[in-house]
Amino acid sequence: MYDFILQAVFFGSLAVMAFLFARALPRVEEATDPKGIYDHIDEWLGKLPLQHLDERANSFMFKFLKRTRVIVMKLDNRIIRHLDRVRKSGEQAVSPTQELLDHVQGENKDQLF
């Protein structure tokens, strides 16, 4: 029985030591290496107001695309007006092929009568 009590006290003390070690473990900090240039760059980039830059980029793109849309619409209107003028002038003007056909048909009518 004496051996059992000694073993129980021994293992109990090991358990208490393990418990104390486990409680003290989170207080131990990891060894920090000196900061390198990449760490400084990372910290600097973390301080940048990227959300403001994103908002400004979105605003610029919105204005740019809106103005581009207006320019494209103006260009489209000019092309349509130009095509209408070409079509109207094409309807009024007689093509050289049509003049030749009219001339040939006119000669054939004179020969028949």
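Modeller: Happy to! Let us begin with Leu45, which lies in helix H2, residues 37-47 (helices, H or I with at least four residues, are DSSP runs numbered from the N terminus). Leu45 is partly exposed because its relative accessibility is 42% (buried is under 20% relative accessible area, exposed over 50%, partly exposed in between, with a 1.4 Å probe and protein chains only). A word on the source: this is a predicted model, where local features need pLDDT of at least 70 and side-chain atom pairs count only at pLDDT 80 or more, while totals for chains, interfaces and linings use all residues. Residues are numbered from 1 along each chain as its sequence is written, and side-chain values use heavy atoms, leaving out hydrogens and water.

Now to the rings. There are two aromatic pairs, counting rings of Phe, Tyr and Trp (its six-membered ring) with centres within 6.5 Å; planes under 30 degrees apart are stacked, over 60 edge-to-face and the rest tilted. Phe10 and Phe11 make an edge-to-face pair, at 5.6 Å centre to centre and 70° between the planes. Phe10 is partly exposed at 47% relative accessible area, whereas Phe11 is exposed at 54%. The other pair, Phe60 and Phe64, is stacked because the ring centres are 6.2 Å apart and the planes lie at 15°. Phe60 and Phe64 are four residues apart in helix H3 (residues 50-92), so about one helical turn separates them. Phe60 counts as exposed at 55% relative accessibility, and Phe64 as partly exposed at 45%.

Key. Helix = DSSP H or I, 4+ residues; strand = E, 2+ residues; numbered from the N terminus.
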